[in-house]
Amino acid sequence: MSCNVNPVFQFLCDQQAAWGIVLETLAAAGVVFTLVLMLTLICIFPRICDSAKRALVPIQFIFLIGTLGIFGLTFAFIIQLYPETCMTRYFLFGVLFAICFSCLLAHASKLVRLVRGGLGVSWWVMLITVIVLSAVQVLIAILYVVIYLVNSGVQCIASSSNLPALNRDFVLILIYVMLLMAVTFFLSMFSLCGPIKCWKRHGLHIYVTMFFSIGIWVAWIVMLLIGNDSVGGARTWDDPTRAIALVANGWVFLIMYMLPELCLMTRCQPDRPKDVSQAQPRLLRQTIGVDNRVFTQEDNCQGPDSGRSSPSSAPRFDATLPMKDLQPSKEFSIPRPQQRPNSYMQYRSHDLSGI
């Protein structure tokens with residue numbers, strides 16, 4: 001039993017074609033879960049002490065925005081094809097995936113240096129990388145939509161004669177996105193090779209995410225170009241195929257990559273040497289005492305023949321130390337008791353002298 005609405009929106013509530021209801025439910029759940037992860041990322045940002053992890057927060061926030069758009073784009077494929085939804089499909093499908101894969105590519109390129117003990121690229125370099133890589137797909141989509149669909153007057157309608165050509169064009173404008181997937185997949189493999197084990201786990205998240213994403217893309221492209229046409233010549237499964245690919249890939253992004261990354265954001269690295277002075281804010285850093293460079297230079301000048309005095313081995317005093325005049329030494333002695341004369345003996349001697 002179908003709902004009494006415009007036939008264009010029939011699959012949103014058609015109980016006989018349950019795929020539309022199931023996919024819009026999964027897409028709506030993905031939208032809610034993505035928003036929760038975005039709020040979580042904002043809340044835990046002040047608790048991230050590692051500077052390398054803090055540099056990834058802008059990239060991962062953009063990644064969540066792209067994932068949110070992927071779940072929202074699913075509704076454009078549940079709604080039947082007509083000129084308004086056609087522009088949205090051809091433009092946003094590649095752009096949203098280009099944003100997500102560019103973020104994963106920037107993260108993987110940073111991990112390649114981190115697993116080898118380096119610092120990796122800074123956050124603004126990764127941000128510029130994501131913008132530039134995404135802008136290429138934006139340009140490709142604009143050229144196709146404006147030049148081919150609009151100026152050429154191609155009818156973007158669901159007809160048996162027009163759909164095969166539109167499906168081929170849909171795949172062709174995604175070649176650049178496939179290139180991003182391949183490069184990200186190989187970089188994630190290189191991020192698993194290095195002595196720093198704590199960063200390999202982050203690289204494993206990207207590797208697993210790209211592995212499942214490539215599998216999903218191979219499946220829906222084969223079904224769109226070959227599989228659906230071979231099933232009785234019917235093209236009714238073209239839109240469900242792409243909608244399923246969007247929902248599946250969106251949940252792979254959240255479960256395989258974003259959720260594990262959030263769990264590791266505030267966790268300490270067990271096998272990474274920690275510098276307490278660098279982890280503390282500047283106002284809390286204190287320098288206890290001042291090294292006396294006089295004794296440091298004296299120790300450096302002493303060698304195995306330190307007992308011999310020579311001008312070359314004599315300690316050199318720092319000219320920056322204040323010089324003071326030495327005061328003459330004072331003599332300090334302990335007072336000794338003196339014997340007093342006995343008064344009785346003096347009296348007796350005086351009497352005897354008088355006799």
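This is a predicted model: local features need pLDDT of at least 70, side-chain atom pairs count only at pLDDT 80 or more; totals for chains, interfaces and linings use all residues.
Which handedness, left-handed or right-handed, does the crossing of H3 and H4 have? The crossing of these two helices is left-handed.

## Packing of H3 and H4

Two packed helices are described by the angle between their axes and the distance between the axes. For H3 and H4, the angle is about 155° and the axes lie 9 Å apart. H3 is therefore roughly antiparallel to H4, since an angle over 145 degrees counts as such.

On the H3 side they include Ile 59, Gln 60, Phe 63, Gly 66, Gly 69, Leu 73 and Phe 77. On the H4 side they include Thr 85, Arg 89, Phe 93, Phe 97, Cys 100, Cys 103 and His 107.

## Packing of H1 and H3

H3 also packs against H1, at an angle of about 165° and with the axes 9 Å apart. With such an angle, H1 is roughly antiparallel to H3. H1 passes H3 in a left-handed crossing.

## The surroundings of His 107

His 107 belongs to helix H4 and is among the H4 residues that meet H3. Is His 107 buried or exposed? His 107 counts as buried because its relative accessibility is 1%, and the limit for that class is under 20%.

Leaving aside neighbours within four places in sequence, His 107 is in contact with Leu 56, Gln 60, His 202, Ile 206, Tyr 257 and Glu 261. Of these partners, Gln 60 is listed among the H3 residues that meet H4.

## The largest nonpolar core

The largest nonpolar core has 78 residues. Those with the most contacts inside this core are Tyr 90, Phe 93, Phe 97, Phe 101, Trp 217 and Trp 220. The elements that each give two or more residues to the core are H1 (18-44), H3 (57-78), H4 (83-114), H5 (123-151), H6 (163-172), H7 (175-190), H8 (197-230) and H9 (238-265). Helix H4 provides the largest share, 15 residues.

## Cysteines

How many disulfides does the structure hold? The structure holds zero disulfides. Cys 43 counts as exposed because its relative accessibility is 58%, whereas Cys 193 is partly exposed, with a relative accessible area of 43%.

Methods:
Residues are numbered from 1 along each chain as its sequence is written. Side-chain values use heavy atoms; hydrogens and water are left out. A disulfide is a pair of cysteine sulfur atoms within 2.5 Å. Buried means under 20% relative accessible area, exposed over 50%, partly exposed in between (1.4 Å probe, protein chains only). A nonpolar core is a set of buried Ala, Val, Leu, Ile, Met, Phe, Trp, Tyr and Cys residues joined through side-chain atoms within 4.5 Å. Helices (H or I, at least four residues) and strands (E, at least two) are DSSP runs, numbered from the N terminus. Axes are lines fitted to C-alpha atoms, for helices over the stretch in contact, and angles run from 0 to 180 degrees between N-to-C directions. Angles under 35 degrees count as roughly parallel, over 145 as roughly antiparallel, 65 to 115 as roughly perpendicular and the rest as oblique. A crossing is left-handed if the near helix is turned anticlockwise from the far one by less than a right angle, and right-handed if clockwise. Contact means heavy atoms within 4.5 Å.
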